[in-house]
Amino acid sequence: MPETVVLRFLLNQTLVEEPDLPPDLTVLDYLREHRRLTGTKEGCASGDCGACTVVIASEVNGSLQYKSINSCIALVGDLHGRQLITVEHLADGDKLHMVQQSMVDYHGSQCGFCTPGFVMSLFALSKERAVQEESRRSLIMSYLGGNLCRCTGYRPIIDAANSMLDQTAVQQDQFDQCETQTIELLQSINSQQSSSGFLRPESLNQLFELKAQFPAAPVVSGCTDFGLEITQRLQSFETIISTTSVAELNTISLQEGVWRIGAGCTIGHLLTTLGPLHNDIRELLQRYGSTQVRNAATVGGNLGNASPIGDLPPLLIALNARVVLKSSGAERVLPLAQFFIDYKKTQLAQNEIISAVLFDEQRLQGDGEFRIYKVSKRIDDDISTVCAAFHWQPSNTDGGRLTAAFGGMAAIPKRAATLESAAKDILAGTFDPVDAALALEKDFTPIGDARASAAYRIEVAKNLFVRFVLECRAGEADQPLKLSDVAHG
Amino acid sequence: MADVGHESAVKHVTGAAIYVDDITPAVEQCYVAIGGSSIAFGEITHIDLKEVRASDGVVDVIVAADVPGHKDIGPVFSGDPLLAESWVEFVGQPVFAVLARTHQQARRAAKKAVIAYREQPPVLTLADAKAGDLTVRPPHTMQRGEVEEVMSGAAHQISSTVVVGGQEHFYLEGQVARAVADEDGGVLVNTSNQNPTEAQKLVAEVLGLPMHAVVVETRRMGGGFGGKETQANACCCLAAIFAVRNRCAVVCRLSRVDDMTMTGKRHPFEHHYRVGFSNDGAIEALDFELNGLCGMSPDLSDAIVDRAMFHCDNAYFLPHVKIVGNRYKTHTVSHTAFRGFGGPQGMLAIETVIDEIAFALGIDPLDVRKRNLYGPRTGVVTPYYQEVVNDTVPRIIESLESTSDYRSRRKSVAAFNRSHSTLKKGIALTPVKFGISFTATHLNQGAALIHLYTDGSLHLNHGGTEMGQGLFIKVAQIVSAELGISVDDIKVSATRTDKVPNTSPTAASSGTDINGMAAKIAAQSLKERLITHLCEAYSCVESAITFDASGVHIDGEADLSWQELATTAWLARVSLSATGYYRTPDIYYDRDKARGHPFLYYANGAAVSEVVIDTLTGEYKLLRVDILHDVGNSVNPQVDIGQIEGGFIQGVGWLTTEELKWDSNGKLLTDSPATYKIPAIGDAPAVFNVSLLDDSSNAQNTVMRSKAVGEPPLMLALSTWSAIRQAVAACVENGRFPALNAPATPEEILRCIRLVSS
């Protein structure tokens, strides 16, 4: 075991030192069982309901950044050097925080069990600076999309959010007022320490050393999937290596026409950076889990997990992305499409980590067409039934080239090779997309599961290709083709 | 009344509200996990719990033989063993329970059991249950008129089938109970439970104790929706048994997956119907066969299928009608109460029939609805011979049709559909008429207890439980209105079986009607005593006395604060504690004859939904909803609107994204929120107009002339389901009837699009 060191973080404004916590302790269990802070609730212990939402504040470039997370699948070791804020901390003495007062004024609670989670998501929303009037509704939906309420039907909560945003535009709260002190306290925490068994390397070299020292220890980043090993599959872990503090993994850059996305970047970070580049990328990433999940889940986690229904692989495969795999002193770059071998199996060797994903800027620009479609039972916070990403590169010589990548259609995220070769000139009037889409029956034999039948998956996959062709052919001003284009009645 | 919020609102938003799992642990406190069957149907041949007992932190393990008293916890009929003895009848059925130092240790230990079975093929479908004539209870029939004769003479006849899925309650707080033994071998149980009295009775029975030895307390639930009417009792019983055996505090809390696997859901149904109707869409004869899939035991299924039968007329007069309700047994968890209690499933049947008539005749379904409403033109007698009186449905529809701009929007929808091929819109208006009263007549009773203390503060207790629906604040408002005392001076305390005994479950939308009225009667009784005392003390007449929030005022004589009033009354030896008891009048039902007057009154409402569907994927979006609902003279409009909006969205979930799927071995596939999708915030319509019917006072003498509101609004969501059907119908001209089933998942919508095109 590495030398025993102390976990230090701020619980609200109080510096907490915990020398002795198990590395697989969740933040939720820590709060409820170790601190007797029972305001934070367990609804599902799988990151799907938001009842356990807490806010983590971190110092970024001299100011505090507030992020909501699901405490049920977050590990207490990741709190090191940060501020943990729970529903018990918002009121200033007897005076409710404006977030709480709005929820009371607009009758936003009924049974009250989901309410602490909503309050904390709203608190995170209240820290959004300069919210434009026209983006309000989508921002509210985005911040609250991961909080389930079974009682209210949400209308009063939306009203409370609107009222709260009116107030936060002009008022500071106690967290704003003591931001400087909070930052000083956070900076006083020695970043190299953390609790026993929960290892936080700060560089790739340290990471590889620890990996060699503890070959059985899982390497985790956001824990949004790993957390379920603990809470659902009831595994226990004596040693866990977290990549959260490895700065080299946490950057996104564009250099010489190549986007380089560090594996430790969160989906939220990706959304902020790549969202503005393409409408479909923005929509897809906005529908990736919930805000709480996007604040923790990482690019490397989504790829390394190798789920056939992960949201990133189809997008990245259609962008011809490459994955960078690093080991101590060595590095190899693979086309992402070749990274996945079989159900939950990848090319990643035991001594390697995923360090980054690369794709060419040109792929999103130029005269190509790029679309991503995610189909799920519920629009928000749901896993893909089928996810399809299409890239069409027109060509003067042979018509063009289609890249079609699917999730939910096979044991791995996969390209549709037969369809790709059948689609040589999708813009030509002679090309019948319905007919061509039959090729997908050769490419895939999907399974039926809780989300949908195999037949539905095949049918939808075909229809999504048809939609892609229709959209490529349609002009800007043509009829809306997607639900998201339709305004209310 | 003024804008009064939920009594616990501030505690909710600060995290200060205490739910069962939040109670400060005792020094000696242990946790339960339940070991369930891995097969759907079979005989247990061997149970090996050695590894369980040896697991870290394990304190105690019990099997059926360790249950000291009754081993069955069926609420009405037996059939629900607390722990399986020899046969198991669903995947997840509790077989043993383990007690450990921590929740996690208990769960880990429970996984280590080795149980061998002699497996039998499970019955999982209606077809198989029918073929084997496997039922949990006998069928029941309601009949009026000459169905066959009129049917054969009708201008049009249609027969068809519609399949209706069940629904997981998904209360955010899972099942939980905490038990502490007392010095006499009795037990105090804190539970998240809609029916503390039932829990008390069952805990006493499994322990072999008299009911007086068991106290059950429910302060609040993190959602109930019917899912804690009978399903909360297993946790109470297991916690109590362990607490008595081990002399420690015991918490039995189900993990979400265990909760979804081990507890019952809304009943799935399959309805067969034959309808005969005229050229103008008037229903002449209707033959319904309602087949409830009840799961492995009777539980409450008899009453639930009855309520489906009571509501398959919805708001429409059925001149000649036969309704058969079947209760089929399947090897799944036993299905149970869920908001509406079978009513929604029954109502869905008739709304399908109406849509199909309108489709066959090529007319607006709203016109068919209006043509068949109860009224002087059609008739007022239900299939169970109760007369529909004071019906507000026609007024509601007339008003909503206008305020929602239904007719012109229907034209706009048609225009949209003509100019769009990938997306199609639909709009529909559906009414609700929901019978208020337990159909088990004896349950229609409530009781309350109030104490006025000498400082002028008032303690209020009653038999109803608070599950978020705002019952506690409503009852406090009723007492406040009766006595004049401020709501702020009233404390509503946790429901407890040793304060108000022998209570009915908080169910059937009855909470305010029966407990509110009982509390009002208690307040009246106390007030009368205070008036008598004041008349003597001040030698005044009753008319000289007025009560308000500040206290009591005796004309020209004195003004006393509530503290002064209470203190002087106490000094004069006036009892300041009062009970109130209420039973609903004028209801009766002769089930043998299927005739009677089971409902005191009907709650009414109507909704208009507009949807758009994507014909390539079957995905849909709810664009706009307009609701007009009749709550009578509302005790608390904000709370009532909350019930309407929340009930509506819960109904939308049932009819759209919430899909229960079992595999061919009877294992529930949708056993977590990762696969079972209740509505999220983005599913709420961007335009959501909800109004209460103006100038409506319950013609029946209910408390403050209000109407019950808990369940009825859920069925307003049938408008969304019907609107989806209209959108599917618009996909082709002269296509077939969109025989949409529920839930209308994207897959079901796409299937239906293919169907109409074929």
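B:Val244 is partly exposed, with a relative accessible area of 25%. The structure is a predicted model. B:Val244 lies in helix α7 of chain B, which spans residues 233-246. Leaving aside residues up to four places away in sequence, B:Val244 touches B:Ala181, B:Gly185, B:Gly186 and B:Leu207. B:Ala337 is 93 residues from B:Val244 in sequence. In space, the two C-alpha atoms are 30 Å apart.

B:Val244, at 25%, is classed as partly exposed. The contacts of B:Val574 are with B:Arg529, B:His533 and B:Ala569, again without residues up to four places away in sequence.

Chain A and chain B share an interface. On the chain A side, 81 residues are in contact with chain B. Chain B contributes 89 residues to the contact. The two chains bury about 7,000 Å² between them. Carbon and sulfur atoms account for 56% of that area. Within chain A, the residues that lose the most area to chain B are A:Arg150, A:Lys377 and A:Leu483. Together they make up 14% of what the chain A side buries.

A:Arg150 and B:Glu658 meet through their side chains in a salt bridge, with an N to O distance of 2.6 Å. A:Arg150 is also among the three chain A residues that lose the most area to chain B. Residue pairs in polar contact between the chains number 41, with both residues at pLDDT 80 or more. Several elements of chain A give two or more residues to the side that touches chain B. The helices are α2 (98-105), α3 (115-126), α4 (136-144), α5 (155-168), α9 (226-231) and α19 (454-473). Strand β16 (369-375) is also listed. The most comes from α19(A), with 6 residues. By residue class, the chain A side divides into 35 nonpolar, 24 polar and 22 charged residues.

Chain A itself is divided into three parts: domain 1 (7-89 + 177-242), domain 2 (98-172) and domain 3 (250-489). The C-alpha centres of domain 1 and domain 2 of chain A lie 25 Å apart. Their contact takes 17 residues from domain 1 and 15 residues from domain 2. About 1,300 Å² is buried between these two domains of chain A. Carbon and sulfur atoms give 64% of it.

The salt-bridge count between domain 1 and domain 2 of chain A is 0. Polar contacts are present there, in 4 residue pairs with both members at pLDDT 80 or more. On the domain 1 side, β3 (53-60) and β4 (63-70) of chain A are the elements that give two or more residues. The residues of domain 1 that touch domain 2 divide into 8 nonpolar, 6 polar and 3 charged.

Conventions:
Residues are numbered from 1 along each chain as its sequence is written. Chains are lettered from A and ligands numbered from 1 in the order in which they are written. This is a predicted model: local features need pLDDT of at least 70, side-chain atom pairs count only at pLDDT 80 or more; totals for chains, interfaces and linings use all residues. Side-chain values use heavy atoms; hydrogens and water are left out. Domain bounds come from an automatic or database domain assignment. Contact means heavy atoms within 4.5 Å. Buried area is the accessible area (1.4 Å probe) that two parts lose on being put together, summed over both. A salt bridge is a side-chain nitrogen of Lys or Arg within 4 Å of a carboxyl oxygen of Asp or Glu. A polar contact is a pair of N or O atoms within 3.5 Å; within protein, one must be able to donate a hydrogen and the other to accept it, and residues adjacent in sequence count only if both atoms are side-chain atoms. Helices (H or I, at least four residues) and strands (E, at least two) are DSSP runs, numbered from the N terminus. Ala, Val, Leu, Ile, Met, Phe, Trp, Tyr, Cys and Pro count as nonpolar, Asp, Glu, Lys and Arg as charged, and the others, Gly among them, as polar. Buried means under 20% relative accessible area, exposed over 50%, partly exposed in between (1.4 Å probe, protein chains only).
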